[in-house]
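Please keep the sequence and the model in view while reading.

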Amino acid sequence: MLETYTRGKGANNKLANSLISPLAAARRFVLRHPAQTICCCILFLMGANLLSAAARKTITNDEIVHIPAGYYYLVSGNFRLNPEHPPLVKMWACLPVLFLRPEVSALTEPTGQDFAQFTVTSSIDFWHVNRLRFQAISFWSRLPMVLLTLALGALIFVYGRQLFGARAALLSVALFSLEPTMLAHGRIVHTDIAAALGYLLFFFALQTYCRAPTFSRAVWFGVATAFALLTKFSMVVLTPIFVAGLVYGVWTAPRFKTSHWRIALQFCVAALIALVLLNAAYYFQHPALAQPETNWIAATMPLVSERIMLAIRVLSLVLPTYYLFGLYTLVVHNHFGHPASLLGQYSAFGWWYYFPIAFALKTTIPFLLLSVCALGWALWGGILRHEKKLLALVIPIALYMTMSMMSNINIGIRHIAPVFPFLFLLGGGCLDRLLKSNARGRAAAVLTVVLLGWMLVDAVRAYPDYMSFMSPLTLGKPGWQLLSDSNVEWGDDVGALARYLHDHGETKVRAGLSGGWATLEMYDIQLVDFAPPDVQLPGTRYIAIGAGLLNGSTVPAGLRDANGAVLSEEQTHNFFASYRTASPEAVFGRSIYLYRAKN
């Protein structure tokens, strides 16, 4: 009995030790790495927020095509689908979807359909056959995007600690975790937050390499370059920066006691790795363009179409064909513009001042004020005091903002998402510098608490409607009067609308909604028609109008009046004007307005 007792006691001790050891290890980690622990806690809470919102919100208009495209890339390698964006992010998002084993019909390519038509028809078919698993597929495809967003937060911490120290890095991560734009787009299957990660990673890798050029760092720089180029086509802006880095590296080679040729060879290694990874993302496919794409090029740029197709044929010897075609779609989109609205104005070609104004209206006031002050501090310190690390953060901001302000596509603050991480870093660094001041330390501490507290209150009050968040600078005006498109509505409140209709015994609705053309059906709501407001339709008691359509900029062109005449541009913008002054019965997420139909 004594032996049995002793053995039992020994087993219990082993069990206790196995439980205590991880706790002791965790305690040691916390004591030795308090900054990393706090960063993990902040990002954990942010991740919980993102997942909670992802579970409550419907997929956005663009996710309707991104998710099926990502799945088809993985299982069939057909890159004709949704080529307007590189495939990497969509493939990453759909990795969990593989385990759900969604049903797919044979991916046939209808004769004569161009890439856009093929994408839409394939997406509708995907959601139709997987209707019962719509919610599961939507949620699990968003989980990898949340992880990608948290990786951005971790990189902000690592970069900020390297530049300014641990406290500044934590402040930067706190700013990142509370800003509504990051919370809105950090959970959806799209390229904007991934592009922000790629843009920041590129400059971090470049700076790391330039401090001490080695072949291993050149390899990682090549990986970072490939990742950035595969997140969004606008990242081609990094190509001249890559070349400038080569020139700078060769010029400064003697400082590192190495040869010019060695630096040039390292950059060649980085370029080769980027090229291989770029091709790998497209499964090393270099097919000839499909005939519908060739016809589309001829239709969009008839005077130079032959030269464009020749350039694609030549460059496709080393670059994926549909990567090149995707770049071309971006050029065409920018050339022809995109209908947008700003402060009551309408234009298809945007305004050079669009993004500064959108930034002011779509960010919290404390972050806006801090960003302005931090930029001023960085310019003063970088130019007058020659603090190179400050200029290293200002230059990427200036580069991307300049490119964006020259763009004709003004449809969302999300398009300048790559600028935000650098502003978070500058904001954290600026606050940390104030906290270090002996004369202003206490006031700086109060200011920091107030700024972060204010942002926290805004984040809590806006939850989960971050997509339509607007600053108090709107002076009480609804967001759709000042901005349009994804700034005010992107389809993620269709589920809330559907639940309301079901609760009121309705299964039909007359609506004009972003994304509603595909997602209403997933909630067993029939979209009756998209007709002029003065036309009475039978069988519907409710009319749902999205904020973008109330604004007027997203009302499709070519609509006709009761006499069959095509509406003018002004008439199109005012198609839903009668609802702008009407009182809605309900508003969902500040993005969908529901009205009772007139008897």
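The sections below treat a sheet, a helix pair and several individual residues.

## Basis of the description

The model is predicted: local features need pLDDT of at least 70, side-chain atom pairs count only at pLDDT 80 or more, and totals for chains, interfaces and linings use all residues. Residues are numbered from 1 along each chain as its sequence is written, and side-chain values use heavy atoms, with hydrogens and water left out.

Helices (H or I, at least four residues) and strands (E, at least two) are DSSP runs, numbered from the N terminus.

## The five-stranded sheet

Five strands form an open sheet with mixed pairing, in the order β4-β3-β5-β7-β6; two strands pair if DSSP finds at least two bridges between them. Because β4 (526-527) and β6 (586-588) are the edge strands, each with a single partner strand, one side of each has no neighbour in the sheet.

Strands β3 (residues 508-512) and β5 (residues 542-546) run parallel and are joined by three bridges. Ala-511 has Ala-544 in β5 as its bridge partner. Helix α22 (residues 494-503) packs on the sheet and touches β3, β5, β6 and β7 (592-596), where contact means heavy atoms within 4.5 Å. The direction of α22 makes about 25° with that of β7.

## Helices α18 and α19

Helix α18 (residues 365-384) packs against helix α19 (residues 388-405) at an angle of about 125°, with the axes 8 Å apart. Axes are lines fitted to C-alpha atoms, for helices over the stretch in contact, and angles run from 0 to 180 degrees between N-to-C directions. The two helices are therefore oblique to each other; angles under 35 degrees count as roughly parallel, over 145 as roughly antiparallel, 65 to 115 as roughly perpendicular and the rest as oblique.

On the α18 side, the residues in contact include Leu-375, Trp-377 and Ile-383. They belong to a set that meets Leu-390, Leu-391, Val-394 and Ile-397 in α19.

## Individual loop residues

Ala-348 lies in the loop between β2 (345-347) and α17 (354-362). Ala-348 is partly exposed, with a relative accessible area of 27%; buried means under 20%, exposed over 50% and partly exposed in between (1.4 Å probe, protein chains only).

The loop between α21 (441-462) and α22 holds Pro-464, and the peptide bond from Tyr-463 to Pro-464 is cis, with omega near -10°. Leu-475 is also placed between α21 and α22. Leu-475 has a positive phi of about 60° although it is not a glycine, and it is exposed at 75% relative accessible area.
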